[in-house]
Amino acid sequence: MNAPLPAQGLIAATPLTETSFSVPGMRCAACISKLETGLPRTAGIVSARVNLTAKRVAIAHLPALTPPELQAAIAGLGFEAQPLGQALASDTADDSRELLRAMAVAGFAAMNVMLLSVSVWSGATGATRELFHWLSAMIALPAVAYAGRPFFKSAWAALRSGHTNMDVPISIGVVLACALSLFETITGGAHAYFDSAVMLLFFLLTGRWLDSVMRDRARDGVSALLRNTAPGALVGDAEGRTHWCAAAALQPGMVMHVAAGERLAADGVVLDGASQFDRSLLTGESVPVPVALGALVHAGTLNLTAPVRVQVTAAGADTAIADIARLMEQAGQSKSRYVRIADRAARAYAPAVHTLALLSLVGWMIAGAGWHGALLIAISVLIITCPCALGLAVPVAQIVAAGALMRAGVLVKDGSALERLADADAAVFDKTGTLTLGRPEPLNLDVLTPTQKSVALALAQSSRHPLSEALRRSLTAGGVTPATLTDITETPGTGVSARCGDASVTLGRPEAIAAGLACALTVGDAPPVMLDFADALRPGAAAAVAQLAALGLPGSILSGDNVTGVAIVAAELALPAQAAMLPQDKLDAIGVLTANGAKVLMVGDGLNDGPALAAGYVSMAPASASDAGQNAADAVFLGDSLLPVATAVRVARATQRIVRQNFALAIGYNVIAVPLAIAGLVTPLIAALAMSGSSVLVIGNALRLRNAALPK
């Protein structure tokens, strides 16, 4: 094995920095390939990751490289860029407006030039024909100069940096068509092609605008989500005074005063008050959720009924809604198997199309067509071979599918996850927090007297044990008032003890039960009262398991919980199960399934599920999962229902069908169109129509996925 180069060793030993840039000039798979393969050739840059939907590139590099040096590296590949947060980061919507204006100018010019051309085609000759040609030139040339700017700027930037892209042959084709037409007009020739040039631009701009609008919609989903957070909050100080604090300035530990009817500006824990919260923004559940002391609440949720005080635990980019926005943004572009195929095709595009055009020109010249006819054929070849449809085949399908899944409550991190979801053939579930809600609820509070309920609530408020939390929620919702306690002491693993007046009171683990969902309340010398708890199944759990089995994904349970609790859930869902498993045990079990040829869909939520989620062929986690669980998973589903897991598999399989169809359409288009253009059977105008039509066809086919996540 060769020893690493000194630079490689330095990079491997040095902590890396990641810097993100806005790159509005990115258009297609070829741009992705150029940046992701070209940037690492710069000394100090380790890798580059492009998000075409967000028009961003994230660069992993040595700390010594400054943003201006990174900008220069991007500029060297023919792209203008700015660090996120500067001017170009907010210009993505302007791109669509610029394309729309250019398309309108090209369309207006095309209609007028076409009217003049009809007169020429109808038999106008002599001075009349020359006048119409000059009028066409006066309309078309300024229109081409304005409407062609998106292509000309991109082509010039690429050529100036010593590279090429798909806009180079487009620009050459348009310029040659205009130059040939102007030459014919000046020399009094019979034919001019100004109508073809402006119509070409119109159809090219139409296809590009549709693509831009599609990506804008994907970005708008992120923006709309973030707009639902409050711009700030009233924050209290130690003297009890309040002042307005912008959301960007909120810090953990601050206390927000949230009135009824206000949205939260940050994540936090309720310190005082009880209310109903609308959490539909985050979970999709329309039913308001009661919150009280100690409840965790999130930015963007709406306080409905009463004022509360909330201590900030996370603000700004650390909030749950910001995490969701990042997941949504990542869904727009991936390095899936099909994207890699499109990348390789796009890299071969420029040299191939230039070679074909040159061979067509030379061949027809040799065949005696003359330079005029041969040049027209070469122009048609340059135009018709544009790989827009191939470049759109994967991203547009994944964007539409990600949008459909988002509306169904599933956030997909990466387009390649859709491929792996489609291929999965086995499902493995964690129990607590995945198949169940992970929120134990007391079953028999009616055995308590009013006095015992007051004591139980006071003791439960003094502990953060999950059963204490469940007891507190239920008793508070029932309107119970806590008793006054003194000498409160919590013993880890045992429970909470205190004094209520002259009597000693305890709430803790029953002596007779080593594990399970139960606790005992003791007040004075009275016998202990046993309180039983149950962790309810997620809504739709049985239906989701059945749907996955019908899709060819038989399920099983791998859980770290006790045998009794796992057995109850396994019996309810009729699934094979293994209990009391350590994280390594889960890894080993998934390894056995994988070794036997299974492609495992792992669904889990806890910190201990992180390794198993990463080891699965593909993985999903609920929005209530730990940070480790969400980071390790390929997709996150919102709300309490488990049905989105089955929905995600169905949509993933539909997406793969659409992607394959798009590839077939793009390849079939080139197989038919290119020989026709080389044979001289296609004019530049028809070439523009065909090329733009193929892109529109691919986009239209992908739009069939918009309703793919609807219930069947």
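A residue is taken as buried when its relative accessible area is under 20%. In this predicted model, N444 has a relative accessibility of 15% and therefore counts as buried. N444 is located in the loop that lies between strand 16 and helix 16, and a polar atom of its side chain is placed 3.1 Å from the backbone oxygen of M530. When residues up to four places away in sequence are not counted, N444 touches M530, L531 and D532.

Strand 16 and helix 16, the elements on either side of this loop, also take part in the packing of helix 17. Helix 17 comprises 12 residues, 466-477, and spans 17 Å from its first C-alpha to its last, which is close to the 16 Å expected at 1.5 Å a residue. Within helix 17, the buried residues are L467, S468, E469, A470, L471, R472 and L475, and the buried residues of this helix pack against strand 16 (441-442), helix 16 (450-460), strand 19 (503-508), strand 20 (518-523) and strand 21 (529-534). Helix 17 is followed by G479, for which phi is positive, near 80°.

A further packing arrangement involves helix 5 (residues 126-147) and helix 7 (residues 167-186), whose axes come within 10 Å and cross at roughly 155°. Because angles over 145 degrees count as roughly antiparallel, helix 5 and helix 7 are therefore roughly antiparallel to each other, and their crossing is left-handed. On the side of helix 5, the contact is made by H133, W134, L141 and V144, while helix 7 contributes V174, C178, L182, T185 and I186.

Conventions
Residues are numbered from 1 along each chain as its sequence is written. This is a predicted model: local features need pLDDT of at least 70, side-chain atom pairs count only at pLDDT 80 or more; totals for chains, interfaces and linings use all residues. Side-chain values use heavy atoms; hydrogens and water are left out. Helices (H or I, at least four residues) and strands (E, at least two) are DSSP runs, numbered from the N terminus. The expected span of a helix is 1.5 Å times one less than its number of residues. Buried means under 20% relative accessible area, exposed over 50%, partly exposed in between (1.4 Å probe, protein chains only). Contact means heavy atoms within 4.5 Å. A polar contact is a pair of N or O atoms within 3.5 Å; within protein, one must be able to donate a hydrogen and the other to accept it, and residues adjacent in sequence count only if both atoms are side-chain atoms. Axes are lines fitted to C-alpha atoms, for helices over the stretch in contact, and angles run from 0 to 180 degrees between N-to-C directions. Angles under 35 degrees count as roughly parallel, over 145 as roughly antiparallel, 65 to 115 as roughly perpendicular and the rest as oblique. A crossing is left-handed if the near helix is turned anticlockwise from the far one by less than a right angle, and right-handed if clockwise.
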